[in-house]
Amino acid sequence: MSLTINTRINGKSIRSSAEASTSLLEFLRDTLEYKGTKLCCNTGECGACTVIYNGKPINSCVTMAADANGAEIITIEGLANGDELHPVQQAFIDTGAVQCGYCTPGYIISVKALLDRTTKPTAEDIEEAVSGNICRCTGYNKIVDAIHLAADRIAGRA
Amino acid sequence: MDYFEPKTLSEALGLLAKYGEQAKVIAGGTDVMVDIKYKEEPGCLVNIKKIPGLDAIRENGGSLRVGPLVTIRDIETNSIVRERLPVFWEACHQFASLQIRNTATVGGNICRASPSGETLAPLLVLEAKGKLAFADGEKSEPFTSFFQGPGKSSVGAKGLLTEIEIPYPSAGSKSIYLKHAVRGAMDIAMVGVAVLVTPDAANNGLQDVRIGLGAVAPTPIRATKTETMLRGKPFSAALVKEAAQMAASESSPISDQRSSAENRRWIVEALTRRGLQQSWQAATGKEVAS
């Protein structure tokens, strides 16, 4: 059963259609060609598919595409301003928080959502914000460094 | 697969009455979407998120009324829950990841009726009740009788949970939720233990004690024999040890990829002991006498 979906993605109004069984992740990647959001566990455990949904980070793999109707969604493609990367993206590069890169879009979205909530995150805030994201390469320290650097730059401290 | 977004409760109940076992209710989707991908598609999906009035938390007399569409994150960030229902707050705080907590609903966690559902042992010790609606009427049911087996509950295929009523525990009581899992985040409890104690006026023994066990029986359970044994006795290390062993014997865990049954019983014993000691100390300010 095909459903009409009216949604806003990265500030752009979009009208499309999806099956009732389609996840938001499949809708983004396969229907709308937003390939930056990654498919990994497909069960809501690894965070690679994280997008911001009405201001909150969620796993798009376990969300219905139907729930995009009337919602405001931000994907990794919506962060850079033209050629200028978002401070979180730049901080991940500058601290070496990226190795294979597969988990990175999900991390950056989780961190953007965190820094939208606060630009002075505590260690606890950081742990809470990214404990639903798994990285098998970096050992996490550099990701935490990136979060601090991005927070400092956004707040004008660095 | 058919798909419906009912706008009223009666419309939703009408669909469930019509489709019965063919229908699957969906709200947050964090469990149902996984089933659709990896198990099978239901005949139809009934998305209840457009029904108004089911997503609020409000105080009513001596209890908190929580709508089934309230997300786990909404509960975790609610100051009344944190202050008055810490055992429930702790379970929501330890629930999966932030992404999942932003999506998963408390009604979904309850109606999924998983033995390891994070919020369930706390709701059992809080003696919370569910308001259930059916096409031919509604009823209120305590969660102590609501769960009937893995995935099975009184709500059945044709009912909906419309409200969760959680009475505030009495003033002198303290409660705690302890979860044992391999990872902190994103892990299902190997064992979850919720304990609530109310000391007697002299801080000598227990006027009331409730122990809820998760992930160690076909449903979340109360360790009722242990509770009965504990009531009215002077609180001591020996009593706590006996109670912990008894609680372990009241559990009937399975062996699976997360743990053997034997290990789960040990953990029930350890967490029950710890839960009794810590909640007693929080309530009385006294160390457990040995």
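Predicted model: local features only at pLDDT ≥ 70, side-chain atom pairs only at ≥ 80, totals over all residues.
Q: How many helices and strands does chain B have?
A: The secondary structure of chain B comprises 12 helices and 14 strands.

Q: And what box do the C-alpha atoms of chain B fill?
A: Along the principal axes, that box is roughly 65 × 45 × 35 Å.

Q: What radius of gyration does chain B have, against that of a compact globule?
A: Chain B has 19 Å, and this agrees with the value near 19 Å for a compact globule of 290 residues.

Q: What share of chain B counts as buried?
A: Of its 290 residues, 56% count as buried.

Q: Which share of the contacts joins residues at least 24 apart?
A: For chain B, the share is 61%, taken among contacts between residues at least 6 apart in sequence.

Q: Turning to charge, how many positive and negative side chains are there in chain B?
A: Chain B carries 34 positive and 31 negative side chains. The centres of these two sets lie 2 Å apart.

Q: Now one residue: where is B:Arg264?
A: B:Arg264 lies in helix 12 of chain B, which covers residues 261–284.

Q: Is B:Arg264 buried or exposed?
A: B:Arg264 counts as buried because its relative accessibility is 2%, and the cut-off for buried is under 20%.

Q: Which residues does B:Arg264 touch?
A: Leaving aside residues up to four places away in sequence, the residues touched by B:Arg264 include B:Met190, B:Val191, B:Ala215 and B:Val216. Also among them are B:Pro253, B:Ile254, B:Ser255, B:Asp256, B:Arg258 and B:Ser259.

Q: Next, the interface: how many residues of chain B are in contact with chain A?
A: There are 31 residues of chain B in contact with 32 residues of chain A. The area buried between the two chains is about 2400 Å², with 54% given by carbon and sulfur atoms.

Q: Which three residues supply more than any other three of the area that chain B buries there?
A: They are B:Tyr3, B:Met33 and B:Gln99, which supply 26% of the area that chain B buries against chain A.

Q: Over to chain A: which residues of helix 1 are buried?
A: In helix 1 of chain A, residues 24–31, the buried residues are A:Leu24, A:Leu25, A:Phe27, A:Leu28 and A:Arg29.

Q: What covers them?
A: The cover for these buried residues includes strand 1 (2–9), strand 2 (12–19), strand 3 (50–53), strand 4 (56–59) and strand 5 (72–74) of chain A.

Q: Which residue follows helix 1 with a positive phi?
A: A:Glu33 follows helix 1 of chain A, and its phi is near 65°.

How values were computed
Residues numbered from 1 in each chain as written. Chains lettered and ligands numbered in written order. Heavy atoms only, no water. Helix = DSSP H or I, 4+ residues; strand = E, 2+ residues; numbered from the N terminus. Buried < 20%, exposed > 50% of the residue type's maximum accessible area, 1.4 Å probe, protein only. Contact = heavy atoms within 4.5 Å. Rg over C-alpha atoms; globule rule 2.2 N^0.38 Å. Lys, Arg positive; Asp, Glu negative; His and termini not counted. Charge placed at Lys NZ, Arg CZ, Asp CG, Glu CD. Buried area = accessible area lost by both parts, 1.4 Å probe.
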